[in-house]
Amino acid sequence: MANHILKSLVTLVVIGLIGQNVSAQNCGCAANLCCSQYGYCGTGNDYCGKGCKGGPCYASKSPPVTSNVALADIVTDAFFNGIISKAAANCAGKKFYTRSAFLNAAKSYSQFGKIGSAADSKREVAAAFAHFTHETGHFCYIEEINGASKDYCDETNKQYPCNPNKRYFGRGPIQISWNFNYGPCGQSNNFDGLNAPETVAKDPVVSFKSALWYWMKNVRPVVSQGFGATIRAINGAIECDGKSPSTVQARINYYRDYCKQLGVDPGANLSC
């Protein structure tokens, strides 16, 4: 009798676990979490190790650099201006974002654009600028549209507590948002991200630094998995898995275009 009851309890537990598995397969993880091979969000080797699908994965290490290609030779005046020239004349970003500000910011992230071969490096730059273009409308927007009305405060994050008088909406080339991003980004780039998040929208070098910080921390680890993995790392919860195919395609189109301009094949796994 006792053995029969024990078997019944085990069966119920297994059924419960199966139910959890089904409901957890939609992996839209926060930017600081990994999407495991089984579709769960978390940290540690079980999530960020073998089979990790997105986020700061351990398994997706950058290939060794085999090229000394200079970033300034990839992001030329013609390349940068070809993007920002498509923004309307009255865009705030036209007088804010500059190639020199980007190259200045990149000095703090010297490994950006240096990944594997020369072609790999150009693909990384193309991917980053594809996202910059999409997020800012060809460098038109410095801040998220209607961002001030949105609350991006994770009150459960005690390490980076929100300032009730500040808003952590999207700012900069990659539209960094949330207190758990502004806090460490500020620490890494010498500004008070929690108490002065607006710095990202006031200093163009800091603005580009915020984008490169996010890229190197959350996107660089999955670059080798293809452009689709970079989409998932940036906005996967909102766009991937059929949630916004037109938006995903727009990012892919920019990426293809920039790869063509830089003379490299875009590679495989472009969509998420």
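The expected span of a helix is 1.5 Å times one less than its number of residues. In this predicted model, a straight helix of 13 residues would span 18 Å, whereas helix α9 (residues 227-239) spans only 14 Å between its end C-alpha atoms.

**Helix α9**
- A kink of about 70° is centred on A233 in α9.
- A233 is also one of the buried residues of α9, which include F227, I231, I234 and E239.
- The packing partners of the buried residues of α9 are α6 (118-136), α8 (204-219) and α10 (245-262).

**The largest pocket**
- The volume of the largest pocket is about 850 Å³.
- Its lining comprises 33 residues, and S177, W178, I234, N235 and I238 lie nearest the centre.
- Helix α9 supplies the largest share of this lining, eight residues, while α6, α7 (179-189), α9 and α10 each supply at least two.
- The lining of the largest pocket has 16 nonpolar, twelve polar and five charged residues.

**The second largest pocket**
- The second largest pocket holds about 230 Å³ of space.
- Of the 17 residues that line the second largest pocket, R123, V223, S224, G226 and Y255 lie nearest its centre.
- α6 and α9 each supply at least two residues of this lining, and α6 gives the most, with four residues.
- By class, eight nonpolar, six polar and three charged residues line the second largest pocket.

Technical notes
Residues are numbered from 1 along each chain as its sequence is written. This is a predicted model: local features need pLDDT of at least 70, side-chain atom pairs count only at pLDDT 80 or more; totals for chains, interfaces and linings use all residues. Side-chain values use heavy atoms; hydrogens and water are left out. The bend at a residue is the angle between axes fitted to the seven residues ending there and the seven starting there. Buried means under 20% relative accessible area, exposed over 50%, partly exposed in between (1.4 Å probe, protein chains only). Contact means heavy atoms within 4.5 Å. On a 1 Å grid over the protein atoms alone, a cavity is a set of points where a 1.4 Å probe fits but cannot get out, and a pocket is an open set with protein on both sides within 12 Å along at least five of seven lines; lining residues have an atom within 4 Å of a point. Grid points are joined across faces, edges and corners, and a volume is the space filled by probe spheres set on the points. Ala, Val, Leu, Ile, Met, Phe, Trp, Tyr, Cys and Pro count as nonpolar, Asp, Glu, Lys and Arg as charged, and the others, Gly among them, as polar.
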